[in-house]
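This report walks through one protein model.

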Amino acid sequence: MGEEVKEKKPNAYVEGFRGFCRFLYNPDDHTVFGRGGASWGKILIFYFFFYACLAAFFAVCLVVMLETLDPNVPTVVGRTNKPKLAVSEKNLYKLNVKDDKAWEEYKTALNKFQEKYTSDDQVSGDGFFQWNEDNLKNCADPSSMVRTDTYATGCFYFGLNRIYDWSPVSKEEEATKEAIFGCDFVEGKTGSGNLNPEAVTITVHDVAPALKAYYPWTSMEKNGLQPIGSAHINIDMAKAKATADDKLDTYVECNTYIRDIGDEDKDNWVVLPDSSPASFEVIYSNKE
């Protein structure tokens, strides 16, 4: 009796790999992924026209939508936007005179912010708010903000958000009332803010005439960028070095107020209803 010969079973992994390779390209019928040249040509032509039509449809929808938008006037008006005092550059919320990097970031942001208000469109606009000494006083020149061994100076800037056809003073009161910006030292986010820092003085510049002339805002084309107020900060370095560690936190809050025209007594001013303030921080050191 002869010896029984066992049939060798094919390796499942090898056969699977061969089948996959045959799927990629079949040399018998010359197909790729199971499709011949004619089949691939038909499907490519179909999807070319399909996606071309889809892209054209999207483009038409986009053009139609953009035609309904005015770059100068908001499409949707009458929303419940509330007035908020703010500045568009985030690095202008802190005046840090003890850190070189933070100081450079502040100066860079200031120059960028100034460029918006000194652009050709803003400067040439009829009656537009102007970045000059009449409106900003010594805060109009960024190069005047310096750090020395005896003193350091800088400015905070703030303006109201633009709300269509809105004015901080109603038509009934515009003959007797005006809007004004004001700033005070506050306890701030930590609750430890020095309310009377001897080393820091703050001077807020009056832009009430500019606010009165600007509002109500209806479009960038007609009114331009909103007026901004400025608060000049001066730090006496000798007094700063004499400041106790627990008195270094210095926070400034600026609000929009309504007052009788020309009234300089801040006790008589009233915060603009439903408005939000802008919060700033002055950072300095008492070290040598």
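C53 is exposed, at a relative accessible area of 55%. Here exposed means over 50% relative accessible area, buried under 20%, and partly exposed in between (1.4 Å probe, protein chains only). C61 is partly exposed, with a relative accessible area of 39%. The sulfur of C61 lies 13 Å from the closest cysteine sulfur, that of C53, too far for a bond. A disulfide is counted when two cysteine sulfur atoms are within 2.5 Å.

The model is predicted: local features need pLDDT of at least 70, side-chain atom pairs count only at pLDDT 80 or more, and totals for chains, interfaces and linings use all residues. Residues are numbered from 1 along each chain as its sequence is written, and side-chain values use heavy atoms, with hydrogens and water left out.

## Disulfides

How many disulfides does a search of the whole structure find? The search finds 2. One joins C139 to C155, with an S to S distance of 1.9 Å. C139 lies in the loop between α5 (133-136) and β5, and C155 in strand β5, so the pair ties together parts that are 16 residues apart in sequence. Helices (H or I, at least four residues) and strands (E, at least two) are DSSP runs, numbered from the N terminus. The link of C139 and C155 is left-handed, with -85° about the S-S bond. C139 and C155 are buried.

The other disulfide is formed by C183 and C254, with sulfur atoms 2.0 Å apart. C183 sits in strand β6 (residues 177-186) and C254 in strand β9 (residues 250-260), so this pair ties together parts that are 71 residues apart in sequence. The torsion about the S-S bond of C183 and C254 is about 105°, so this disulfide is right-handed. Both C183 and C254 are buried. Counting bonded cysteines along the chain, the pattern is 1-2, 3-4.

## Helix α3

Helix α3 (residues 100-117) has 18 residues, which should span 26 Å at 1.5 Å a residue; the end C-alpha atoms are 26 Å apart, which agrees. The expected span is 1.5 Å times one less than the number of residues. D99 caps the N-terminal end of α3, with a side-chain oxygen 3.2 Å from the backbone nitrogen of K101. A polar contact is a pair of N or O atoms within 3.5 Å; within protein, one must be able to donate a hydrogen and the other to accept it, and residues adjacent in sequence count only if both atoms are side-chain atoms.

Which residues of α3 are buried? They are A102, W103, Y106, K107, A109, L110, F113, Q114 and Y117. Seen down the axis of α3, the buried residues fall within an arc of 165°, so they line one face of the helix. The arc is that of the directions from the helix axis to the C-beta atoms. On the other side of α3, D100, K101, T108 and E115 are exposed. The buried residues of α3 pack against β4 (94-96), α4 (120-124) and β5 (151-160). Contact means heavy atoms within 4.5 Å.

A109 is in helix α3. A109 is buried, with a relative accessible area of 5%. Not counting residues up to four places away in sequence, A109 touches E89, N91 and L92.

## Nonpolar core

The largest nonpolar core has 54 residues; Y106, W131, Y157, I235 and Y284 touch the most other members. Such a core is a set of buried Ala, Val, Leu, Ile, Met, Phe, Trp, Tyr and Cys residues joined through side-chain atoms within 4.5 Å. The elements that each supply at least two residues of this core include α3, β5, β6 and β9. Leaving aside neighbours within four places in sequence, the contacts of Y284 include V97, P197, I235 and L248.

## Backbone details

The peptide bond from Y215 to P216 is cis, with omega near 5°. P216 is in the loop between α6 and α7 (220-223).

D165 has a positive phi of about 55° although it is not a glycine. D165 lies in the loop between β5 and β6, and counts as exposed at 52% relative accessibility. Phi of D274 is near 65°, also positive in a residue other than glycine. D274 lies in the loop between β10 (270-271) and β11. At 56% relative accessibility, D274 counts as exposed.
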